[in-house]
Amino acid sequence: MSVSVCGTDCSTCYCFGGMCKGCNECSGKVFHVPEGGTCAIYECSVHNKGMKNCGECSEAPCEIWMKTRDPKFSDEEFDENVRSRMQTLRERT
């Protein structure tokens, strides 16, 4: 299982291993971030705070997580998604 710094299990995504190598392998420069940019969650967690993932952060889930919300989720689905990702991360730290 390949878990990103935000707790997403990238191995379940059809892009993983092809279009996307995962945030940890490409230092946060995943294909869906504007060219030359870095994922804001990766940048905060790894570069600014020196953590291996957000599970080590007492502020997570934070405002950055809310700003990167997938618009296809309802409020309830998003809340469950965040809870699930935080649980995954805290089990790995």
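A polar contact here is a pair of N or O atoms within 3.5 Å; within protein, one must be able to donate a hydrogen and the other to accept it, and residues adjacent in sequence count only if both atoms are side-chain atoms. The model is predicted, so local features need pLDDT of at least 70 and side-chain atom pairs count only at pLDDT 80 or more, while totals for chains, interfaces and linings use all residues. Residues are numbered from 1 along each chain as its sequence is written, and side-chain values use heavy atoms, with hydrogens and water left out.

I start with R85. It lies in helix α3, residues 75-92; helices are DSSP runs of H or I, at least four residues, numbered from the N terminus. The side chain of R85 makes a polar contact with the side chain of N81, at 2.8 Å.

R85 is buried but has no salt bridge, and the nearest side chain of opposite charge, D70, is 8.9 Å away. Buried means under 20% relative accessible area, exposed over 50%, and partly exposed in between, with a 1.4 Å probe and protein chains only. A salt bridge needs a side-chain nitrogen of Lys or Arg within 4 Å of a carboxyl oxygen of Asp or Glu. Leaving out residues up to four places away in sequence, R85 touches C6, G7, T8, W65 and F78, where contact means heavy atoms within 4.5 Å.

Also in α3 is E77. Its relative accessible area is 44%, so E77 is partly exposed.

Last, helix α1, residues 40-48. I41, Y42, C44 and S45 are buried there, and the buried residues of α1 pack against α2, 63-67. After α1 comes G50, with a positive phi near 65°.

How values were computed. Helix = DSSP H or I, 4+ residues; strand = E, 2+ residues; numbered from the N terminus. Lys, Arg positive; Asp, Glu negative; His and termini not counted.
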